[in-house]
Amino acid sequence: MPTLYAYTDGACSGNPGPGGWGALLIAYEGEAVIKEKMLKGGAAETTNNQMELLAAISALDALERPSTITIVTDSSYVKDGITKWIHGWKAKGWKTAAKKPVKNEELWKRLDEATKRHNVTWEWVKGHAGHPENERADELARAGMVPFKGK
């Protein structure tokens with residue numbers, strides 16, 4: 001049984017502004033890479049956090065069947081949001097501890113639904129620190145932004 005990883009990243013030029021997301025899905029057999037899939041996309045007017053969320057959602061949605069997967073992100077917003085904060089938000093009717101609406105609620109709901117189909121482990125890595133797969137996800141995110149820059 002291969003081990004699945006998704007390395008995800010988001011990028012934004014301005015915040016808000018044109019943005020992109022990228023996801024690098026890799027299936028490993030031991031140490032060997034047996035399959036890779038690269039995904040990217042973007043939006044003309046978005047935020048970095050929205051792109052980070054869309055990268056994770058897109059990685060999970062790309063899986064054809066329920067899977068065990070590790071998502072590696074450089075976004076503590078995404079990792080902490082899905083592993084810690086979301087439980088309180090849902091209990092409070094999608095309100096923060098300060099009783100304000102949760103930002104990006106629709107994307108959080110999509111990520112929550114996507115995770116229910118899979119057995120997901122979340123890992124955080126420092127961004128722009130030379131982690132090879134995170135750097136590749138960043139390249140995909142920046143490429144996903146290209147069609148929207150200058151519009």
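**Close-up views of a predicted model**

**View 1. Helices H2 and H3 pack at an angle of about 95°.** Their axes lie 11 Å apart. Angles of 65 to 115 degrees count as roughly perpendicular, so H2 is roughly perpendicular to H3. H2 brings Tyr77, Val78, Gly81, Ile82, Ile86, Trp89 and Lys90 to the contact. From H3 come Trp108, Leu111, Asp112 and Thr115. By class, the residues of this contact divide into seven nonpolar, two polar and two charged. The model is predicted, here and in every view below.

View 2. H1 covers residues 48–61 and H3 covers residues 105–116. The two helices pack at an angle of about 25°, and their axes are 9 Å apart. Angles under 35 degrees count as roughly parallel, so H1 is roughly parallel to H3. The crossing of H1 past H3 is left-handed. On the H1 side, the contact uses Gln50, Leu53, Leu54, Ala56, Ile57, Leu60 and Asp61. On the H3 side, it uses Leu107, Trp108, Arg110, Leu111, Ala114 and Thr115. Nine of the residues in the contact of H1 with H3 are nonpolar, two are polar and two are charged.

**View 3. Ring pairs link Tyr77, Trp85, Trp89, Trp94 and Trp108 into a cluster.** Seven aromatic pairs turn up in a search of the whole structure. One of them joins Tyr77 and Trp108: the ring centres are 5.2 Å apart and the planes meet at 65°, so the pair is edge-to-face. Tyr77 sits in helix H2 (residues 76–91) and Trp108 in helix H3, so this pair ties together parts that are 31 residues apart in sequence. Tyr77 and Trp108 are buried. Trp89 and Trp108 also form a pair, with centres 5.2 Å apart and planes at 65°, so that pair is edge-to-face too. It links distant parts of the chain, with Trp89 in helix H2 and Trp108 in helix H3, 19 residues apart. Trp89 is buried, as is Trp108.

**View 4. Thr70 is a buried residue of strand S4.** The strand spans residues 68–73. Thr70 has a relative accessible area of 11%. Buried means under 20%, so Thr70 falls in that class. Leaving out residues up to four places away in sequence, Thr70 touches Leu4, Tyr5, Ala6, Thr121 and Glu123.

**View 5. Ala137 is buried in helix H4.** H4 takes in residues 132–145. The relative accessibility of Ala137 is 0%, so Ala137 counts as buried. Its contacts, apart from residues up to four places away in sequence, are Tyr7, Thr8, Asp9 and Gly22. Pro101 is 36 residues from Ala137 along the chain, and 30 Å separates their C-alpha atoms.

**View 6. Met38 is an exposed residue of strand S3.** S3 comprises residues 32–46. With a relative accessible area of 52%, Met38 is exposed. Neighbours within four places in sequence aside, Met38 is in contact with Ala23, Leu24, Arg136 and Leu140. From Met38 to Gly20 the distance is 13 Å, C-alpha to C-alpha, and the two are 18 residues apart in sequence.

**View 7. A cis peptide bond joins Asn15 to Pro16.** Omega is near 15°. Pro16 belongs to the loop between strand S1 (3–12) and strand S2 (17–29).

**View 8. Lys99 and Asn104 are in the loop between H2 and H3.** Lys99 has phi near 65°, a positive value in a residue other than glycine. Asn104 is not a glycine either, and its phi is positive at about 65°. Are these residues buried or exposed? Lys99 has 69% relative accessibility, so Lys99 counts as exposed. Asn104 has 18%, so Asn104 counts as buried.

Terms used
Residues numbered from 1 in each chain as written. Predicted model: local features only at pLDDT ≥ 70, side-chain atom pairs only at ≥ 80, totals over all residues. Heavy atoms only, no water. Axes fitted to C-alpha atoms, helices over the stretch in contact; angles between N-to-C directions. Helix = DSSP H or I, 4+ residues; strand = E, 2+ residues; numbered from the N terminus. Parallel < 35°, antiparallel > 145°, perpendicular 65-115°, else oblique. Left-handed = near helix turned anticlockwise from the far one by under 90°. Contact = heavy atoms within 4.5 Å. Nonpolar A, V, L, I, M, F, W, Y, C, P; charged D, E, K, R; others polar. Phe/Tyr/Trp six-rings, centres within 6.5 Å; stacked < 30°, edge-to-face > 60°. Buried < 20%, exposed > 50% of the residue type's maximum accessible area, 1.4 Å probe, protein only.
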